[in-house]
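Please report on the salt bridges in this model.

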Amino acid sequence: MITIHHLNKSRSKRVIWLLEELGLEYKIVNHIRDAVTQLAPASLKAIHPLGKAPIMEANGTVLCESGAIMEYLLAQVNNEHACILADEHPAYYKYLEWLHFAEGSLGLAVITKLFMTMETRDGDKPMDGYIAKELAVDLGYINQTLDEQDYFAGEVFTAADIMMTIMLEIAQNIGLLNDYPAILRYLEKVTSREAYLIAEAKG
């Protein structure tokens, strides 16, 4: 049995979503952030030394990092599943690019911006200009891509869409997507998927 340790207000929802898309059996253990510090509870550190969500337990394997967990889950089904592209598919390497773009290029900019919204100090904020530039480049690229095709790997929904959607939701929640209509249309479409709605309800 696959066990997912889920933390509220975290990116671990993407793992639940993928499990639903793949039709794999799993159970969820919910962990709640400290109401004052907003930090993860000690219960997560008891499962994995990093104490971060998501954490997956399956067949004696304990994994932290949503990308690694998703790779594990994708390996449990064959390459004919809709969420996976076979390596001979013409869009395979674009699929890989977007699969990792979420936690790579986009993740840094969006999460840094999220942290900056929590700043309370006065005076100069030298990171503002840098982050604004990075966000404009990344979100412009994403918007153009989604204006030209339905999903990140082309015309087929894949795990790359799950990775990207969760990060784009965070961007939307902090007001970064108002000028990117293609991204907003995309989010409306993918978040209406049945598996997403189940993951949202459970997570």
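## Salt bridges

The count comes to nine salt bridges, each a side-chain nitrogen of Lys or Arg within 4 Å of a carboxyl oxygen of Asp or Glu. The model is predicted: local features need pLDDT of at least 70, side-chain atom pairs count only at pLDDT 80 or more, and totals for chains, interfaces and linings use all residues. Residues are numbered from 1 along each chain as its sequence is written, and side-chain values use heavy atoms, leaving out hydrogens and water.

Glu200 pairs with Lys13, with the closest N and O atoms 2.7 Å apart. Glu200 sits in helix α9 (residues 194-202) and Lys13 in helix α1 (residues 13-22), 187 residues apart. Helices here are DSSP runs (H or I, at least four residues), numbered from the N terminus. Lys13 is buried at 13% relative accessibility, where buried means under 20% relative accessible area, exposed over 50% and partly exposed in between (1.4 Å probe, protein chains only). Glu200 is partly exposed at 40%.

Glu103 and Arg14 also form a salt bridge (2.9 Å, N to O). Glu103 lies in the loop between α4 and α5 (105-116), 89 residues from Arg14 in helix α1. Arg14 is buried, at 0%; Glu103 is partly exposed, at 32%. Arg11, Arg14 and Glu103 are linked in a network of salt bridges.

## Thr158

Thr158 is in the loop between α6 (127-148) and α7. Thr158 is buried, with a relative accessible area of 0%. Not counting residues up to four places away in sequence, Thr158 touches Ala82, Cys83, Leu85, Tyr95 and Ala153 (heavy atoms within 4.5 Å).

Tyr95, Trp98, Leu99 and Phe101 of α4 meet Ala159, Ala160, Met163 and Met164 of α7.

Conventions. Helix = DSSP H or I, 4+ residues; strand = E, 2+ residues; numbered from the N terminus.
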